[in-house]
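Please look over the sequence and the structure below before reading on. The paragraphs that follow lead from one part of the fold to another.

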Amino acid sequence: MRLALAQINPTVGDLAGNEALIRRDLAAAREAGAQVVVFPELALTGYPPEDLLLREDFLAAAQAALHRVAAEAQGIVALVGVPERAEDVYNAAAILADGTVQGFYRKVYLPNYGVFDEQRYFQSGPRGGLIDAGGLRIGVTICEDIWEPGPPLTDEALAGATLVLNLSASPYHAGKGTLREEMFRQRARDSLVPLAYCNLVGGQDELVFDGHSLVIDHEGTIVARAAQFAEELLICEIDPGAAAAARLRDPGHR
C-alpha cells in the first residue's frame with residue numbers, strides 16, 4: 001500500500017489558506033499514486049483554534065471548507081483534522097472519499113494539562129474507529145489517543161486493523177522527537193500493528209510544531225521519517241499483510 005503523510009504548516013483561523021494547503025497536498029499525493037493521504041490534527045483550522053471554536057459561524061465555515069476539499073477526494077482516501085459540529089463539538093478526523101465526507105472519527109482522550117485546554121472546547125468521542133479502504137482495515141486515532149496505553153489503539157488492532165493512523169498536533173520541546181519515536185515503537189510492538197503519525201509543522205504563539213512525521217512497522221522499525229521544522233509530503237510503501245501474518249503466530253492477539 002502506498003501511503004502519504006501531508007506534514008503542513010496551517011495558520012490558526014485562516015480557513016481559506018489552510019484549505020489551499022490541503023488541496024495542494026491532496027493533489028500531489030494522488031499524483032504520486034498514494035491510496036491514502038493523512039493530514040494533521042485540526043489541519044483545516046490550525047491548532048489550537050481556542051475560542052474560535054465557540055463561534056457558530058466559524059464552525060459552519062470550517063464545515064463548508066471541508067466539503068469543498070472532499071469534492072477533490074477522487075481516487076484517494078483522505079483523512080483531515082477538523083472540528084465536527086454535531087450535538088456538541090468534537091476534535092475529529094474527517095474521512096473523505098469518492099468526492100464526499102464519508103464519516104468522522106472523534107478524538108477519545110482530550111488533554112487538559114500544560115499547553116492543552118481541549119476539555120474546554122470539545123466533547124470526547126466514545127471509542128476507537130475503523131475504516132475499510134482498498135481492501136484494508138485501518139484504525140484511526142488523534143494525537144493523545146495513542147499516547148495512552150490500551151484503547152483505542154488496542155481495540156482497533158484486536159478488531160482487525162492492519163494499519164493505525166494518527167493525526168497529531170504535538171508541540172516540540174528538547175528531546176520530544178526521541179521520546180515520540182520510542183513511544184510509537186513500543187505501541188507498534190505491543191499491538192503488532194504498523195503506525196503512521198502525521199504531525200503539524202510551524203508555530204502558533206508560544207507553541208512550535210516540529211513535524212517529524214513517522215511510519216513504523218509492526219516490529220517497531222522506522223520505515224520512513226519526515227524532516228523536522230519543514231513542510232513535507234512523505235510518501236512510503238507499507239505491507240499491512242506482514243502484521244496480519246505475525247498475529248497468526250501470536251495467540252495473544254487473537
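Which strands does helix α2 lie across? Helix α2, residues 56-70, lies across β3, β4 and β5, and its direction runs at about 165° to that of β3; axes here are lines fitted to C-alpha atoms, for helices over the stretch in contact, and angles run from 0 to 180 degrees between N-to-C directions. Helices (H or I, at least four residues) and strands (E, at least two) are DSSP runs, numbered from the N terminus. This is a predicted model, in which local features need pLDDT of at least 70 and side-chain atom pairs count only at pLDDT 80 or more, while totals for chains, interfaces and linings use all residues. Residues are numbered from 1 along each chain as its sequence is written, and side-chain values use heavy atoms, with hydrogens and water left out.

The strands under discussion belong to an open sheet of six, in the order β5-β4-β3-β2-β1-β14, with mixed pairing; two strands pair if DSSP finds at least two bridges between them. Because β5 and β14 (232-237) stand at the edges with a single partner strand each, one side of each is left without a neighbour in the sheet. From one strand to the next, the twist averages 30°.

The hairpin of β4 and β5 has two residues between the strands, and in it D98 takes a positive phi near 55°.

How many residues of β4 are buried? Nine of its nine residues are, where buried means under 20% relative accessible area, with a 1.4 Å probe and protein chains only. In a regular strand the side chains alternate between the two faces of the sheet. Both faces of β4 are covered, with V89, N91, A93, I95 and A97 on one side and Y90, A92, A94 and L96 on the other.

Technical notes. Buried means under 20% relative accessible area, exposed over 50%, partly exposed in between (1.4 Å probe, protein chains only). Contact means heavy atoms within 4.5 Å.
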